[in-house]
Amino acid sequence: MAPSSLSHRQTHNLLLISKLLSLRDTASPLTLLLDSLEQPATPLIKEYIRRARLSKVHVTLIAFEALKPYDGVDAFVPARRKAPTEIMREVAAAYKPDSSNSPNRRRLILIDSINPLLHSTRLDRSFHLSSFLSSFIVPSGPTTSKPDTSLVVTFHQDVPGRPAQSPYTPSPLSLLTYLATTVIKLHSFSHILAQKAARDRSLVPPVFGLEEEQDGVLLGRLDKPVGKGTEAGGVVLEMEYRRKSGRGVLEWYLLPPASKYPATQLKEIVTLLDDHPLYRPPEDLGDANGDEEPESTFELRLTERQRRDREGVVLPYFDAQQGNGPGEGGRILYDMGEEDDFDEEEDEI
Amino acid sequence: MPSQPPLPHLLTPYISTPPRESLTAVSSVVGATGNWLILRFLYAALTDAGLRGVEGERKRKVVLGLDLARLTERREFAFVDGLSELFCGPTASAPSRAPSQHLASGPTPRTTLPTRPHPGITSLRQPPPPSAGSDGPPQITKDAGQVKRLRLSGNGAAALDALERDITAVIKQLKASGLGEDEESEVSLIVDQPDLLLAATGPSKGIGATEMAEWIIGLQQAATATVATISADSPLIHNASASAHHIATPLETEHAAFAIGLAHRAEMVMQLRNLETGAARDVSGVLRVSKGGAWGQRDSAGQETWEEKEVLYFVQRDGSVSVFGRGE
């Protein structure tokens, strides 16, 4: 890739992820996080909360799984044994826009896992996932001071769903990916590195955890399975952002471990995966800058002077066309250079 | 072979101090069962006050597991039998709500496999549990020998709620009968194979993976720390996955959703499995300790740090267990 387009991509996509994670301009009303046991969404959710606190966004956590709120959550709504309408009511009651002071305080609503809700036997036919989710984002009443709300929903990909009641209903995952304005799939950085190393050698990339389909293995993750160094920590985000025009932006990012930066850091900490030295070692970049000539022990290139001399040579057929009579044309005309050593004897032979 | 310590050193950091409000999932397969590990959890919990000075006078107690008569008398341990009468149908009418009610009179059900054949029971009894159980109120001591038996009645969440009430009643009794101080004692809860209940009922009875998970959440709220064991045999986990080429049965779907969901909610997942290379004379299986989906959710301050690890274990004929790394 040409350096200019790479740097353009860097700038543009880093700005994009920064905007998405910091919830600026309500860039993505519904973000879907696809996680698995191999890479849970916890680090990313904590990053969302960290940024929300920095920019004074009100954070609500709808907990289908967590017993206790995460650090920094403003309102905690346990969803155990609650009907969807009840959850909606509690979430709406959890935040009253303060009309006098700051009417446009933004709001972040996190759902720690949507799977239990989708898997529940209590859901009746009147429940629609799309209307449930949109009730958090779209103002229900005529109130004008509804804050800008971003909804972040986590879905565990490895938890099997119940077969649909009707063969024509889409699976919840298809529905969620259809509704979402941003889909972020999480991978473990060490797994990505192991898979890349295998692909670079044209080997089948390894799989981990449940995908191994080994008896008794739920989790394959060990602290340092590959790349013994401590550098391999972090979460790889495979992001798909859908623009309003319908065009999608695809990019891979790396979120470093939370211990690598202070909680109050404002500077962007997410980087492009391609920029990480472990994923794309620097020597690869050096190759792209060099000349296209193949390397050899012989000097195959010409110096400037050699090229000029070569261009100055008049080839025999040009001389033959001048028509000085038969036998005259086609002579080999050679101008002695200073480095030529004229040998009388040899010439006479 | 030299006699093994009741608590293998390699395991100590993983089972002796379960963090507060945490869930630990123990998964096992038919060829590598988790009985011995559960016994080690019990042992670690019941000898806890002697081992750790940090907690001071507070004591951990354990509900469920083995019938440890003496500990039961001292009100440091309670066993809830979830299998014997689980499906005997309802007998009494009013579910036991008051914690002071007699243990044996409660009508409702609860789940867990019953006492298992005990490889490690002798080692559990060896060290006398720490003192101070004797000053419990006499009227409670009276019931001490009784074992609570759970009975399932009704359908769906209501049936599970009844089970939950029975178990929390037992937990509350244990908490209250502590040291006679203002402070309640800590109670560790071990839920042994709750998947039995799921398999025996299923979504047609209104009990699915979500309901079971919510039931576990309810129990977690009552106890200080919770350990739940679950089967992770291939057919129960992988038949329901998207890569399987046939339609999964409801049992497979619900079990997989429950087991994987439990691992998502757990801070620590201990997985037992067979040796990949086949049976061996001096190795019973492999134990892998991994960070579960909930690891790192709580505030980092005060969180115990432990490393993920994979070790081999060997259950000897006398029930003692040795744990060692590969090649050691």
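Analyst: The term pLDDT stands for the predictor's confidence in each residue, on a scale from 0 to 100. You will need it from the start, since this is a predicted model. Where pLDDT is low, the predicted coordinates should not be read in detail. As a whole, chain A averages a pLDDT of 82, with 81% of the residues scoring at least 70.

With that caution in mind, we can turn to the sheet. Strands of a sheet pair through backbone hydrogen bonds, and they do so either parallel or antiparallel. One pair to look at is strand S6 (residues 182-188) with strand S7 (residues 235-242) of chain A, which run in the antiparallel sense and are joined over seven bridges. Within this pair, Ile184(A) stands opposite Met239(A), which belongs to S7(A).

Helix H5 (residues 129-137) and helix H6 (residues 172-179) of chain A pack at an angle of about 40 degrees, with their axes 10 Å apart. That angle makes H5(A) oblique to H6(A), and the crossing of the two is right-handed. On the H5(A) side the contact is made by Leu129(A), Ser130(A) and Leu133(A), and on the H6(A) side by Pro172(A), Leu175(A) and Leu179(A). Sorted by kind, the residues of this contact are five nonpolar, one polar and no charged.

In chain B, H7(B) and H9(B) pack at an angle of about 20 degrees, and their axes lie 10 Å apart. That makes H7(B) roughly parallel to H9(B), and H7(B) passes H9(B) in a right-handed crossing. Among the residues that make the contact are Leu160(B), Ile167(B) and Ile171(B) of H7(B), together with Trp215(B) and Leu219(B) of H9(B). Counting every residue of the contact, seven are nonpolar, three polar and two charged.

H9(B) also packs with H11(B), as their axes come within 8 Å and cross at roughly 35 degrees. This crossing of H9(B) and H11(B) is likewise right-handed. Here Ala209(B), Met212(B) and Ala213(B) in H9(B) meet Glu254(B), Ala257(B), Phe258(B), Gly261(B) and Leu262(B) in H11(B). The residues of this contact divide into six nonpolar, one polar and one charged.

Some of these helices of chain B also belong to the interface. There, 46 residues of chain B are in contact with 31 residues of chain A. Among the elements that give two or more residues to the side of chain B that touches chain A are helices H7 (156-176), H9 (209-222) and H11 (250-265) of chain B. That side of chain B is made up of 15 nonpolar, 19 polar and twelve charged residues. For the complex, the predictor gives an ipTM of 0.77 and a pTM of 0.79.

Chain B averages a pLDDT of 74, and 70% of its residues score at least 70. Its pLDDT is below 50 over residues 50-67, a stretch with 60 contacts in the model beyond near neighbours in sequence. Residues 92-145 of chain B are below 50 as well, with 127 such contacts.

Terms used:
Residues numbered from 1 in each chain as written. Chains lettered and ligands numbered in written order. Predicted model: local features only at pLDDT ≥ 70, side-chain atom pairs only at ≥ 80, totals over all residues. Pairing = 2+ DSSP bridges. Helix = DSSP H or I, 4+ residues; strand = E, 2+ residues; numbered from the N terminus. Contact = placed C-beta atoms within 7 Å. Nonpolar A, V, L, I, M, F, W, Y, C, P; charged D, E, K, R; others polar. Axes fitted to C-alpha atoms, helices over the stretch in contact; angles between N-to-C directions. Parallel < 35°, antiparallel > 145°, perpendicular 65-115°, else oblique. Left-handed = near helix turned anticlockwise from the far one by under 90°.
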